[in-house]
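Here is a short briefing to read alongside the model. Have the sequence and the 3D view open as you go.

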Amino acid sequence: MRRKKHAISSGAVMIILVIVCIMILFISYISDFNGGVIGSISNYVFVPMQKGLSVIEESASLERGNRKTIKSLREENKKLQTQVNDLNNQLNTVQLQQSELEELQKLYSLDQQYTDYKKTGARVIARGTSNWFNTFTINKGSSDGIKPDMNVIADGGLVGIVMETGKDYAIVRAIIDDTSNVSAMSLNTGNICIVSGSLEDMTKNNTLEIKDLEDPDQKIASGEPIVTSNVSSKYLPGLLIGYVNKLKTDPNGISKSGSLTPAVDFKHLQDVLVILTIKESAGQ
């Protein structure tokens, strides 16, 4: 039967070499002749053994040092990763606070544009099935004085109108919805037109439709501001809707139709202002 081979550890080798060296030293001592045979054996055997022992000891020390270094590096890496995670969390918090601050600044600026109307701020908490905010829910309702037909604004322009209210929520229909039609006019000429919602146009070109715009003097061009008109039944007058994109003369040769770029970013609504005045009660 074959004997099982056993690996000899470096520690065992060191012990054996130490014992052999001690024996040689002892024999050399009691023989008392340095230049004799034992001295020669000491020179040729003991010195290389000493070197071997030094190499083994250095290797063992290096291995222990490497283990300690690896452990230290792992602990340091773990600490650094924790610090990186903490810094990332702090950065995200700062960015969120900065974003909220910017939104509040926008709402404040918007509030200053329409100082004639009393308003209340609200946060968008849900939206419809579309990727666009053609219908959405805000976190204020009848208990906050919100009523149906109140106008909603954001980003410097008209967003839509309140359709339904609950005690602590309200549902808003935006002007980009397919069912939306807003009586509008050119800010500079006062010519009346209709702005209609179109999710298809919003998806393709980020535009709304302009219809029945009269421009006999050919004064309305691209970039013309379009606002809500005085004859609108539900929308307060003078609210910015957007800017003329393209126009073409209709087959009747009188009116024009085309597209309008809305003033509001309808894909990233977060906060809005609800005007607490209903058109029928304006001025009363």
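Which backbone nitrogen does the side chain of T228 reach? The side chain of T228 reaches the backbone nitrogen of L239, at 2.8 Å. This is a predicted model, in which local features need pLDDT of at least 70, side-chain atom pairs count only at pLDDT 80 or more, and totals for chains, interfaces and linings use all residues. Residues are numbered from 1 along each chain as its sequence is written, and side-chain values use heavy atoms, with hydrogens and water left out.

**Around T228**
- T228 belongs to strand β9 (residues 225-228); strands are DSSP runs of E, at least two residues, numbered from the N terminus.
- T228 is buried, with a relative accessible area of 0%; buried means under 20%, exposed over 50% and partly exposed in between, with a 1.4 Å probe and protein chains only.
- Beyond four places in sequence, the contacts of T228 include L158, M185, Y235 and L239, where contact means heavy atoms within 4.5 Å.

**Around I194**
- I194 sits in strand β7 (residues 192-196) and is partly exposed, at 25% relative accessible area.
- A184 is 10 residues from I194 in sequence, and their C-alpha atoms are 5.6 Å apart.

- Strand β3 (residues 151-154) runs antiparallel to strand β4 (residues 157-165), joined by 4 bridges; strands pair if DSSP finds at least two bridges between them.
- In β4, I161 stands opposite N151, and I161 also stands opposite R173 in β5.
- A hairpin through 4 residues joins β4 to β5.

Technical notes:
A polar contact is a pair of N or O atoms within 3.5 Å; within protein, one must be able to donate a hydrogen and the other to accept it, and residues adjacent in sequence count only if both atoms are side-chain atoms.
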